[in-house]
Amino acid sequence: MELFRRAANPWNQEVLIGVSWDLMWAAVIAGIAFMVAHALLVMGKTKRLAEPAAEAAGIPEKIERHSMGARAFHWLMAVAMFALLVTAFVPVIGLQFPWVTIHWVAGVALIATIVYHVFHSILKEDFWSMWTRSVDVKRGMMLLKNVFTRSDAEDPKTGKYGVDHQLYHHAVMVLTVAAIVTGVLMMFRIDTPFWERNPYLLSDGAWGIVYVVHGLSGVALITMVMTHVYFAIRPEKLWLTRSMIFGFIDRSHYLEHFDPEHWKVGSGAGEALEAPSGGALAETAAQSPHESV
Amino acid sequence: MATIRDMIAPFELFQPTSIGDAVALLGEHGADAWVLAGGLDSFDWFKDRIKRPGVVVDLGAVEELRGIRASGGGLEIGAMTTLTDVELHPDVRARFSILADAARHVATPQIRNQGTLGGNVAQDTRCWYYRSGWPCYRAGGNICYASAPKAMNREHCIMGASRCVAVNPSDTAPALIALDAQMVIQGPEGERVVEAKDFFIGPGIDITRMTVLEPGDLLTAIRIPDTWSEATFYYEKVRDRNSWDFSLVTVAAALRVEGATIGDARIAVNGVAPHPVRLQHVEAYARGKTRDDDNGRQAGELAIQKARALRHNDYKLSLMKNLVRRAIRGMEA
Amino acid sequence: MAEKLIGTDIAPPDLVAKITGRAKFAEDFRADGMVFAKLLLSPMPHARVRNIDASRALRMEGVIDVLTAQDVPEVEPPREPVLSNEPLYEGAPILAVAAVDETTAAAAIEAIEVDLEPLPFVLDPLDSLRPGGPDAWTQGNVSGREGFQSLKWTEEDFARMEGGHLPLGEPLTEWSKGDVEAGFAEADVIVEESIVHQSLTHHPLEPRSTMAYWQNGKLFCHTSTQSTAVTRVALAGALGLDPDDVVLIAEFCGGGFGSKISGTTHMQVPALFSRKIGRPVMLRVTRYEESYIGRARPGFQGWVKMGLRENGRVTAIDLYIVQDSGPHGAGDYNTAGSITDLTYQPENMRFRGVPVLTNTPPKSAQRGPGGAQIISMLEPIFDKAARQLEMDRLEIRLLNAPGHDATFGPQDASLTSVHAREALERGAELFGWAEKTSLSGQRNGPKATGIGIGLSPFTAGNRGFDGLLIIRPDGKLYIHQGIGNLGTHSMADTARAAAEYLGYAWENVEVVWGDTSRNLPWSCVQAGSMTTHSHTRANRAAAEDAKRKIQEIAARELGGSPSEYEVDDGRVFRRGRPAQGMGLGQVAERAIALGGRYDGHELPDDINRVTVVAAGNVAGQGLMGVARDNYGGEGSIYSWVAGFALVELDVETGVVDIKEYCGVTDCGTVLHPRSLGGQIFGGSIQGMGMAMSQRWVFDPQWGVPFAKRLYTARPPGMLDVPLDLKWDAVGIPDPQTPVGAKGIGEPPVGAGAAAITSAVADALGGQCLCRTPLTPDIILAEIEGRRTFGPLEQHVG
Amino acid sequence: MNETDLIEIAQKSVSRRTFIKGVIAAGAATSSLGYLFRTSGPALGASTLQGTVGRLVTLNVNGQQRRVDVLPQETLAMTLRYKLGLTGTKLGCDRAECGACTVLIDGKTHYGCSILTQTVRNSEITTIEGLEAADGTLHPVQQAVVDEGGFQCAFCAPGFVMSMVALVESNPDPTREEAAHALSGNLCRCGDYDKILNSALRAAELTRRQA
């Protein structure tokens with residue numbers, strides 16, 4: 001399988017012009033393989049419900065997991081991402097339509113949502129909940145152990161986002177940023193309202209890298225999106241998916257899956273939410289030793 | 001690998017004698033097969049060694065693809081009918097003279113004796129960056145050399161561009177659009193009929209093709225309905241040389257004129273976009289107007305509303321404007 | 001009295017061969033075991049070859065060998081090497097491959113890996129003159145007597161370019177006469193313009209193909225060349241051979257127009273390759289390759305200032321020309337200076353010029369080199385001055401055209417004869433100038449009519465070459481010609497000078513030409529319109545020598561003194577007593593019997609070595625006439641053409657339709673009227689192509705040219721030129737040459753081009769575009785006032 | 001030994017390779033045969049799949065049947081010049097632009113450089129060499145050119161002459177303008193168009209007289 005597409009430039013020098021579209025199929029296959037593997041591993045695994053914990057006291061019936069803003073961002077981003085992937089890859093498989101404009105407009109929309117997300121998550125949300133700490137990693141390992149040993153042991157409780165969520169987020173972040181940066185450069189090779197076309201903005205070699213990076217992040221995002229959707233529709237995760245629609249999870253899920261120490265809600269919640277992120281970190285750090293006992 | 005632009009690289013040649021065999025062969029060899037009509041566009045590609053099909057399907061021996069016959073009040077012209085035969089055919093001259101006129105404007109007598117109507121509408125663009133074998137968008141690459149800030153693009157497009165700014169070079173295409181012609185296509189899934197104006201596609205839809213013809217498809221005939229039979233026609237091709245030259249801008253118009261008033265109109269322009277453009281908004285404007293210079297000017301301005309010049313082809317705006325103006329007004333002011 | 005030959009229409013002797021397919025051009029020859037060479041061209045406008053890997057190609061079946069820069073003679077830069085490891089333009093040949101057939105050779109080229117290091121390149125001379133601008137050669141951008149230098153102008157110089165004015169930085173050459181500033185001070189009207197004349201390819205219809213092989217140490221070369229005797233010497237020189245070891249066969253040449261004067265650089269490829277591999281080698285040059293290595297006319301970016309008195313007399317001309325010299329140089333710009341001085345006879349004149357080396361296909365003389373460009377640029381500017389003075393454009397030309405006492409150029413050269421005014425007057429009459437002036441600028445719907453004049457001189461002769469002829473016992477006259485045969489018919493027409501002088505009927509004359517093994521005398525290059533003048537003289541000299549010998553033999557045989565004998569109709573006889581005479585066949589036999597100088601065993605000591613060898617080979621075969629042209633003469637030899645054109649310009653499309661053209665020449669005595677007409681029209685039509693359509697176009701990013709196809713280079717076809725063509729000749733003999741004939745090849749080009757540029761400006765109401773070619777886009781942009789190119793931008797349109 | 005004999009050798013020979021050797025050994029008289037293309041593709045004469053072309057064809061050139069080995073991608077001009085020794089047909093551009101290679105195929109003008117020999121197997125091909133009568137009498141068009149002293153370098157002449165033949169046969173009494181249009185597919189770089197048109201009109205006149 002060819003990894004890259006090459007061509008001879010007008011001076012007959014070989015230049016990279018992009019990734020081989022075989023990689024698109026590789027990405028799809030990888031996605032499917034992951035889903036199948038995971039489905040088999042977790043098949044028939046019955047989960048014991050944890051007894052209502054004593055701490056239940058003072059925990060509201062419904063707990064806000066995703067603010068309106070966060071949800072709006074997520075779904076707008078999702079729309080943009082789907083538009084980008086469809087316009088990018090459907091023509092490759094032979095279904096022709098005028099995709100270029102939709103593609104770059106969706107790209108610009110994606111950038112807008114991400115800019116919003118960055119500020120919103122830093123200023124309004126609990127930024128640090130996405131921060132991967134050693135404890136998150138430990139819990140991640142336990143989770144993996146459970147999955148692979150198909151053990152019935154209770155999955156470890158996590159902060160607002162488990163390490164699996166966090167790593168997924170980081171990976172998508174990296175890929176998306178790569179695709180965006182290269183995509184913006186590529187907009188110099190087409191007609192947009194923003195600037196004059198200039199295909200010679202970069203050297204042939206640099207353009208080659210730009211196209212390859214854009215292509216690689218593009219195909220990788222196919223796999224990421226596939227797995228994301230897969231989890232979103234798995235029965236045991238639907239409550240999470242719902243929370244991305246309605247914003248709330250109910251107390252039982254909270255108590256079952258989350259460690260109140262690390263995702264404070266109810267009485268402590270306000271404080272946790274309003275506390276400057278620095279404070280939040282200090283707090284969690286202070287707790288970690290006791291945690292590891 | 002060094003480059004040389006001489007000698008045709010070897011290929012396997014098939015000379016089917018029926019449309020069925022031809023379509024079968026195309027199906028069998030898919031993208032590796034090249035359809036050879038008159039060959040005047042193909043041989044450039046072959047001799048420049050830029051396109052190297054493994055299999056060439058020469059339609060020369062398929063008799064059913066030749067000839068002009070009456071059909072439903074209009075005419076059906078076999079795709080392999082030579083441009084000379086189109087130009088000289090009495091019915092074409094008497095009823096659809098704009099098509100004879102267009103055919104006469106193609107290249108040279110030798111080329112018209114061999115070049116076919118099907119080949120003329122299906123020919124590839126003449127963008128010299130693309131024709132130089134450079135890896136541009138149209139060639140499957142990721143760049144348009146012709147739209148660079150200092151590129152040499154006097155012969156490129158002023159509208160309808162999408163990444164690629166090449167233009168369609170066909171002289172007969174605008175005439176066929178003006179005549180509401182229909183293209184009959186034989187494909188793997190059988191026959192389909194496409195309106196001339198939809199037969200030509202822009203790079204937005206598929207940057208590697210000029211028409212809806214996909215690998216495996218065969219353009220078998222072109223039908224001219226009687227709609228515009230003996231209408232008032234206007235055809236003008238502006239070029240640098242009066243023989244063997246492609247159009248800078250070409251206008252083709254079919255008008256129904258009562259007295260001095262335009263009843264209905266079809267106006268198509270080529271050389272301004274990646275595909276021949278039918279100017280429906282200008283047609284709408286022209287309906288019910290008298291054929292005079294004022295309306296001509298208006299129509300011209302309307303025609304170039306959406307046009308945008310590249311570095312070296314600003315003149316095409318004036319040219320398109322003036323040619324549309326003439327189509328409405330007539331040659332004399 | 002035998003028929004008059006000079007001034008009559010006689011179809012050239014090779015015409016039937018040409019129209020039956022029997023005429024063999026270089027590419028039509030085959031030799032036993034012949035193989036084919038193909039060229040590998042540089043993909044970059046300037047590069048250095050790091051490495052060549054031909055191993056894969058050499059392993060291919062049918063591939064014989066590779067010829068690289070190491071295998072060809074070294075030349076002194078900036079001269080052009082046959083193959084190069086530092087290609088200086090896109091398309092420069094790097095190596096050649098030989099294979100048993102062309103398909104294999106082409107595949108072999110593709111199998112070769114050439115590792116190239118790109119180097120800085122420049123396409124537009126002005127870019128190279130900018131401070132810090134790129135140089136075409138690593139050694140510099142201009143090459144003068146002191147070798148290379150990197151000539152740069154200052155930012156201040158370039159500041160003028162804002163207003164579309166040519167920067168007038170430091171020139172490489174400069175000359176002046178009188179005081180140009182004083183001249184402008186005296187002027188009542190001053191016109192000043194910056195001009196752009198494009199570069200354009202010669203595109204002779206026959207590409208420069210060559211086939212060569214070696215036998216017993218002799219090189220046999222079938223090539224396409226304008227000249228013969230000179231080409232053989234040039235080829236021998238290039239390969240370091242004794243000319244006697246080179247047999248050059250070039251009976252036919254499919255056009256040259258200055259691009260094949262003494263053969264071509266790349267005719268050496270088959271010669272060298274054949275020596276290397278020991279097999280005959282054919283290099284079939286393709287049109288694509290021809291457009292690269294086939295030479296082009298240098299482009300000009302210039303500026304001119306012209307001052308005139310109210311009476312219309314030109315008081316001063318200040319001319320500055322920046323020339324696009326290509327990678328190997330060209331001399332057009334200098335010629336342009338002298339031609340300007342000659343044509344307008346300014347009281348004061350200054351010329352400055354810079355020939356800038358560029359990474360564009362090589363330039364060379366093209367029919368009317370320098371003159372054609374400058375005349376086609378200056379005539380419409382001259383018209384502008386006439387308009388401002390409200391003078392008739394014919395009148396102002398008649399007033400300024402040179403008279404017999406005229407001098408011109410840096411050396412104040414004089415002329416053997418000049419009848420430019422007569423040409424203008426006769427042309428005006430033939431064209432109907434007086435009546436047509438009323439049509440000037442007239443509108444008919446969108447069509448505007450314009451009329452124009454172009455007056456164009458060019459060199460038309462040379463002196464001191466040799467004539468060689470033999471009268472054999474069969475009584476026939478064999479005239480040996482070392483000149484070429486590129487379609488001007490001069491190969492046959494100049495022979496008439498000898499035939500008529502000896503009173504021969506044309507059917508008894510055999511012209512021997514085109515194959516140096518057939519013993520051809522030393523002759524001029526067939527260029528610069530020299531041939532007609534030079535070889536009517538040389539052949540006449542040989543004929544006079546022959547006549548003397550005939551008379552002497554007659555006197556010996558029949559008594560009396562030689563001066564009493566006349567020669568006519570194949571006989572020599574005593575004046576007044578026609579019966580007392582003998583046939584020239586007999587005379588030839590006597591000459592052989594007598595030997596010595598009569599049959600060529602003794603030769604004059606002032607003839608060229610080439611002629612000595614040729615004559616030596618045919619000595620003893622009959623009565624030989626052999627002599628050097630010692631007629632001498634004072635001053636330069638120039639011919640003139642006055643061109644008149646009527647065009648219709650469509651102001652809505654920018655399309656120009658040339659309706660009428662007429663050209664009248666002053667080229668002395670007319671040798672062959674129909675051929676002369678062909679030369680006037682042919683040259684003028686090339687001028688029309690120059691004015692209307694032909695050009696080079698380059699992509700500035702990659703330095704790659706695009707006008708590589710005929711339809712992109714746009715030479716004029718039959719429908720691009722007027723059906724209504726007229727010509728005439730003043731027909732006044734040049735007093736300094738026995739036959740009175742001057743050449744004609746070059747001057748019509750400038751006349752044809754200028755008549756069009758002048759007529760187009762007239763149709764635009766006197767608006768001078770001052771650039772060529774005048775394609776619809778450029779004209780329309782001008783009409784709409786929206787130019788889409790820089791004022792001095794080269795290589796557009 | 002002529003081409004036909006060679007083809008016989010070829011047919012006997014097992015592979016095209018030995019054929020080529022045979023050609024080169026055969027020497028000057030025939031060396032033009034192998035020039036253009038060394039082989040690839042189906043074996044001599046063997047016609048493979050439905051519709052594929054065979055290599056050994058018979059061409060009707062200037063009234064003669066000429067058997068010749070033709071590759072699928074071979075153009076008529078190449079076959080004429082390099083295999084049939086008919087070098088009167090010139091290659092000026094090899095891109096269907098200049099007209100120097102103009103030949104008549106079933107009476108119509110075509111650019112010999114831009115038509116596959118394989119596509120004219122069943123047509124009558126006329127080249128410049130085929131115009132003269134057996135006794136050497138010039139074709140009216142050729143005679144007209146001589147009368148008018150047409151052409152300069154004449155590299156374009158064979159092509160122009162063929163176009164003129166087609167012209168006078170289709171239109172025995174053309175106007176100067178009609179003649180110009182009929183000859184507009186041929187390029188003359190010497191710009192001798194005026195004499196060429198005179199020749200064309202003269203040719204029409206001679207043809208009318210003959211008729």
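Contact is defined here as heavy atoms within 4.5 Å. The structure is a predicted model, in which local features need pLDDT of at least 70 and side-chain atom pairs count only at pLDDT 80 or more, while totals for chains, interfaces and linings use all residues. Residues are numbered from 1 along each chain as its sequence is written, chains are lettered from A and ligands numbered from 1 in the order in which they are written, and side-chain values use heavy atoms, with hydrogens and water left out.

By this contact criterion, and not counting residues up to four places away in sequence, B:Tyr129 touches B:Trp134, B:Tyr145, B:Ala146, B:Ala151, B:Met152 and B:His156, together with C:Asp699 and C:Phe706. B:Tyr129 also belongs to the largest nonpolar core, which holds 264 residues. A nonpolar core is a set of buried Ala, Val, Leu, Ile, Met, Phe, Trp, Tyr and Cys residues joined through side-chain atoms within 4.5 Å; buried denotes under 20% relative accessible area, exposed over 50%, and partly exposed the range in between (1.4 Å probe, protein chains only). The members touching the most others are B:Leu99, B:Tyr129, B:Leu176, B:Phe199, B:Ile224, D:Phe151 and D:Phe160. With 9 residues, helix 6 (residues 157-170) of chain D gives the most to this core. Another core lies apart from it and comprises 57 residues, including C:Val191, C:Leu342, C:Phe351 and C:Phe431.

Chain D contains 8 helices and 5 strands, where helices (H or I, at least four residues) and strands (E, at least two) are DSSP runs numbered from the N terminus. The order of elements from that terminus is α-α-α-β-β-α-β-β-β-α-α-α-α. Of the 211 residues of chain D, 64% count as buried. Among its contacts between residues at least 6 apart in sequence, 57% join residues at least 24 apart. The accessible surface of chain D amounts to about 6800 Å², 51% of which belongs to carbon and sulfur atoms; accessible areas come from the Shrake-Rupley method with a 1.4 Å probe, and for residues only the protein chains shown count as cover.

Between chains A and B, 20 residues of chain A are in contact with 23 residues of chain B. The two chains bury about 1800 Å² between them, with 52% of it on carbon and sulfur atoms; buried area is the accessible area (1.4 Å probe) that two parts lose on being put together, summed over both. The count for this pair of chains is 1 salt bridge, defined as a side-chain nitrogen of Lys or Arg within 4 Å of a carboxyl oxygen of Asp or Glu. The side chains of B:Arg308 and A:Asp191 meet in a salt bridge at 3.5 Å, N to O.

In chain C, 8 of the 10 residues of helix 8 (residues 268-277) are buried, so this helix is largely enclosed by the rest of the structure. Just after helix 8, C:Gly278 adopts a positive phi of about 70 degrees. C:Arg556, in helix 17 (residues 531-558) of chain C, is exposed at a relative accessible area of 54%. Beyond its neighbours within four places in sequence, C:Arg556 is in contact with C:Leu594 and C:Tyr598.

The structure holds 0 disulfides over all chains, a disulfide being a pair of cysteine sulfur atoms within 2.5 Å. For B:Cys144, the nearest cysteine sulfur, that of B:Cys164, is 5.7 Å away; B:Cys144 is buried at 7% relative accessible area.
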